[in-house]
Amino acid sequence: AVAWLERAGRVLVVRRSGALLAGLWEPPGVELAPGQDATRALAALLRALGVRARLADSGERVCHAITHRAIEVELWRGTPAGRVASGGALRWADPRSRELALTALTRRLAARAGR
């Protein structure tokens, strides 16, 4: 599940870490276990990032393949509630721009989100 938060034409992205796609940017997201509540998982992630937002399931699902994995992504849309401090591993980015190295999934989600 991915939180697609927009403000002034920009989308909130976080820098990935770990072995796969390290250093690339994408919207905050969580991997869900079967039956896990996306609302609670995304809310916990956003809280950990210091972000308050109201999210709603858009009902949109995006199928994406990365290396040897096929994933289905739930797109949750929202707007931030209050100020979001950017910097470090958290930024606002225009998904059409090349200002940051965005993942292919992020660009796909941007196309789906009408950006």
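**Exercise 1. State the order of the elements in the protein chain, and how many helices and strands there are.**

From the N terminus on, the protein chain runs β-β-β-α-β-β-β-α. That comes to two helices and six strands. Helices (H or I, at least four residues) and strands (E, at least two) are DSSP runs, numbered from the N terminus. The model is predicted: local features need pLDDT of at least 70, side-chain atom pairs count only at pLDDT 80 or more, and totals for chains, interfaces and linings use all residues. Residues are numbered from 1 along each chain as its sequence is written, and side-chain values use heavy atoms, with hydrogens and water left out.

**Exercise 2. Describe the nonpolar cores.**

Step 1: a nonpolar core is a set of buried Ala, Val, Leu, Ile, Met, Phe, Trp, Tyr and Cys residues joined through side-chain atoms within 4.5 Å. Buried means under 20% relative accessible area, exposed over 50%, partly exposed in between (1.4 Å probe, protein chains only).

Step 2: the largest core has 15 residues, and Ala1, Leu5, Leu12, Leu42, Val51, Val84 and Leu90 have the most contacts inside it.

Step 3: at least two residues of this core come from each of β1 (2-7), β2 (10-15), α1 (38-48) and β6 (90-93). The largest share, four residues, is from α1.

Step 4: another core, of ten residues, lies apart from it; Val2, Val11, Val62 and Ala113 are among its members.

**Exercise 3. List the residues in contact with Val84, leaving aside its neighbours within four places in sequence.**

Contact means heavy atoms within 4.5 Å. With those neighbours left aside, Val84 is in contact with Arg7, Leu12, Val51, Leu90 and Trp92.

**Exercise 4. Locate Thr103 and decide: buried or exposed?**

Step 1: Thr103 is in the loop between β6 and α2 (104-112).

Step 2: its relative accessibility is 3%, so Thr103 counts as buried.
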